[in-house]
Amino acid sequence: MENVFAWPERIEGAVSLTYDDGLPIHYTVVDPLLRECSLRATFYPMIQSDLQLHPERWRELAAVGHELGNHTVFHPCRQSLTNPDPRLGELYDLSRYTTEQLRAELEVANLVLHLLDGQSERTFGNTCCNTTLGSAAMEQSFEPLLAESFLAARGSLTNRIARPAQDINLFNIGCIDAAGRSLEDLKDLIEQTRACSGWAILMIHGVGADTHHLYLETDVHEHFIHWLAQQQAIWTAPVRVLARYIKEHIRPAGQPE
Ligand SMILES: [Zn+2]
């Protein structure tokens, strides 16, 4: 064990539900379901999404206690050499971005989100789970940039449960892709989280086949949320809430309080 850390009394593990890309289904279906179950999540909408068309709907999500996390303005990603995404083109290819360019984009997104929710502390959801910009010899991690402006960042797609008592980097926590998983698979993941006193950050895009190419089946999602709400020893909360708790309660082993 590398850190001295414990969840609050009676809590065995933690879960953050994160919903990406600013899809209308997030406020038509996901938010009502979460509210019914008294759960709150993190939404990571890029600014150029439904948020631009219906900002009032996203303001409402924040008003009931969900986190609006930063997912950039234009959703830049590293262009795949083998399977290029035409939407990114050259303009929104992170391997062509400079640090200054990404900083400016993050600041604009933070300003827009602040105007919607009034919050000055939030987390970042790495687009396409990318953690670097530039290419070849110029490729570099943008983690230092995230540390300037955010409480924490979801970071890489590790498909692993974070374990704060062992080792955690709040600016690259690591997440698990929920797309296509079965109810049993999701429940099993939460049981594993409980067993290791961990923190599972689930990355979710669409809910239902017609909402996004990465999606959870509607009934799987609904049953899972109802089941999760019944797990009294699992702390389900936005990334911002859990990251703040960890930041305030963790210290390296051997270091005095
Ligand atoms: Zn995204």
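A residue counts as buried when its relative accessible area is under 20%. The model shown here is predicted, and the cut-off can be applied to one of its tryptophans: Trp 7 has a relative accessible area of 8%, and therefore it is buried.

Trp 7 and Trp 235 form one of edge-to-face type, with 6.1 Å from centre to centre and 85 degrees between the planes. This pair links distant parts of the chain, since Trp 7 lies in the loop between strand E1 (3–4) and strand E2 (13–20), whereas Trp 235 belongs to strand E13 (residues 234–236), 228 residues apart. Ring pairs also join these two tryptophans with Phe 5 and Tyr 245 into a cluster.

Another edge-to-face pair is formed by Tyr 27 and Trp 58, whose ring centres are 5.7 Å apart and whose planes make an angle of 85 degrees. Here too distant parts of the chain are linked, with Tyr 27 in helix H1 (residues 25–36) and Trp 58 in helix H3 (residues 55–63), 31 residues apart. Tyr 27 counts as buried because its relative accessibility is 8%, and Trp 58 is likewise buried, with a relative accessible area of 0%.

From the rings the reader can turn to the nonpolar cores. The largest of them has 41 residues, and those with the most contacts inside it are Leu 17, Tyr 19, Leu 34, Phe 43, Phe 224, Ile 225 and Leu 228. Among the elements that give two or more residues to this core are E2, H1, H3 and helix H7 (218–229). When its neighbours within four places in sequence are left aside, Ile 225 is in contact with Leu 17, Tyr 19, Leu 33, Leu 34, Cys 37 and Leu 39. A second, separate core of 21 residues includes Trp 7, together with Cys 129, Leu 170 and Ile 173.

The largest has a volume of about 460 Å³, and of the 25 residues that line it, His 75, Cys 77, Asp 85, Cys 128 and His 213 are the closest to its centre. Sorted by class, its lining has eight nonpolar, 10 polar and seven charged residues.

Technical notes. Residues are numbered from 1 along each chain as its sequence is written. This is a predicted model: local features need pLDDT of at least 70, side-chain atom pairs count only at pLDDT 80 or more; totals for chains, interfaces and linings use all residues. Side-chain values use heavy atoms; hydrogens and water are left out. Rings of Phe, Tyr and Trp (its six-membered ring) pair if their centres lie within 6.5 Å; planes under 30 degrees apart count as stacked, over 60 as edge-to-face and the rest as tilted. Helices (H or I, at least four residues) and strands (E, at least two) are DSSP runs, numbered from the N terminus. Buried means under 20% relative accessible area, exposed over 50%, partly exposed in between (1.4 Å probe, protein chains only). On a 1 Å grid over the protein atoms alone, a cavity is a set of points where a 1.4 Å probe fits but cannot get out, and a pocket is an open set with protein on both sides within 12 Å along at least five of seven lines; lining residues have an atom within 4 Å of a point. Grid points are joined across faces, edges and corners, and a volume is the space filled by probe spheres set on the points. Ala, Val, Leu, Ile, Met, Phe, Trp, Tyr, Cys and Pro count as nonpolar, Asp, Glu, Lys and Arg as charged, and the others, Gly among them, as polar. A nonpolar core is a set of buried Ala, Val, Leu, Ile, Met, Phe, Trp, Tyr and Cys residues joined through side-chain atoms within 4.5 Å. Contact means heavy atoms within 4.5 Å.
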